[in-house]
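Please have the sequence and the model at hand.

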Amino acid sequence: MQDSRSVFPMLGLPESVTVALFDLDGVLTDTASVHLTAWTEAFNNLLPDIVDDDGHTPAPFTESDYRAHVDGRPREDGINAFLAARRITVDPDTVAKLGQAKNRRFLAILDRDGVTPYPDAVAYLHAARDAGLGIAVVTSSRNGGPVLEAAGLTEFVAVRVDGNDIVERHLAGKPAPDSFLLGAELMGVGPAGAAVFEDAVSGVAAGSAGDFAAVIGVDRTTSETQPSPHAKDLAGAGATDVVTSLDRLRIGGQPEGAPQ
């Protein structure tokens, strides 16, 4: 392993970091958009046929709803968070059917269109592996394995913690730090030795709650010249840096936005 004191700063990380914990959808692969499409269809097939607790027909599910309530959370947590925000009460069977409908649609799109890894993410993974940085994926998705395989990224990943592990181990989902803490533990380090990479506000909040050495917010919703509300939300949730792509973490050997 190369000397982290000279190499890891070139990855935009503190010198104490020896492990990177990556969220998957929206950080490494362009599958956050697939999740958004699948959730939108699942919710909007239901909403016209029900009323909220005030007796009104709920407005359609939007991208804003996805980012505020669903993005980054385990499946059932996201459903319940959205329904609670809209004052909608349904039975547990309906929650389960919503999750199943979403997953069927997600897998159908995945099978049809495949998975595209972000070029900057692939380059960063190569650089991190070459530098001797340990790499893990921590995702709330229960489809983490198939997505990594379809994207051709499995070879980089030493440890994967996904939605199946969260359920089987009875972990609290993001924004709780449990899944990231498990990923760090399985990689043999504590929070001080790991960096979290997240595109979801709930995931950044989880990294911040876990007191990790760095929490990198990845905002792929806008260009670097026009910061988006999402970038501000990531910073507000506790991101130590917010970047538009992972290659921005290596510009000049300093993280994007670092003091010069």
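The text below describes the salt bridges and then the accessibility of their partners.

This is a predicted model, in which local features need pLDDT of at least 70 and side-chain atom pairs count only at pLDDT 80 or more, while totals for chains, interfaces and linings use all residues. Residues are numbered from 1 along each chain as its sequence is written, and side-chain values use heavy atoms, with hydrogens and water left out.

A salt bridge is a side-chain nitrogen of Lys or Arg within 4 Å of a carboxyl oxygen of Asp or Glu. The count by this rule is twelve salt bridges.

One of them joins glutamate 41 to arginine 105, with the closest N and O atoms 2.7 Å apart. Because glutamate 41 belongs to helix α2 (residues 32-46) and arginine 105 to helix α5 (residues 92-113), the pair ties together parts that are 64 residues apart in sequence. Helices here are DSSP runs (H or I, at least four residues), numbered from the N terminus.

Aspartate 54 and arginine 87 also meet in a salt bridge, at 3.2 Å from N to O. Another links arginine 112 with aspartate 113, whose closest N and O atoms are 2.8 Å apart.

The table gives relative accessible areas; exposed means over 50%, buried under 20%, and partly exposed in between (1.4 Å probe, protein chains only).

| Residue | Relative accessible area | Class |
|---|---|---|
| Glutamate 41 | 31% | partly exposed |
| Arginine 105 | 28% | partly exposed |
| Aspartate 54 | 44% | partly exposed |
| Arginine 87 | 44% | partly exposed |
| Arginine 112 | 56% | exposed |
| Aspartate 113 | 49% | partly exposed |

Terms used
Helix = DSSP H or I, 4+ residues; strand = E, 2+ residues; numbered from the N terminus.
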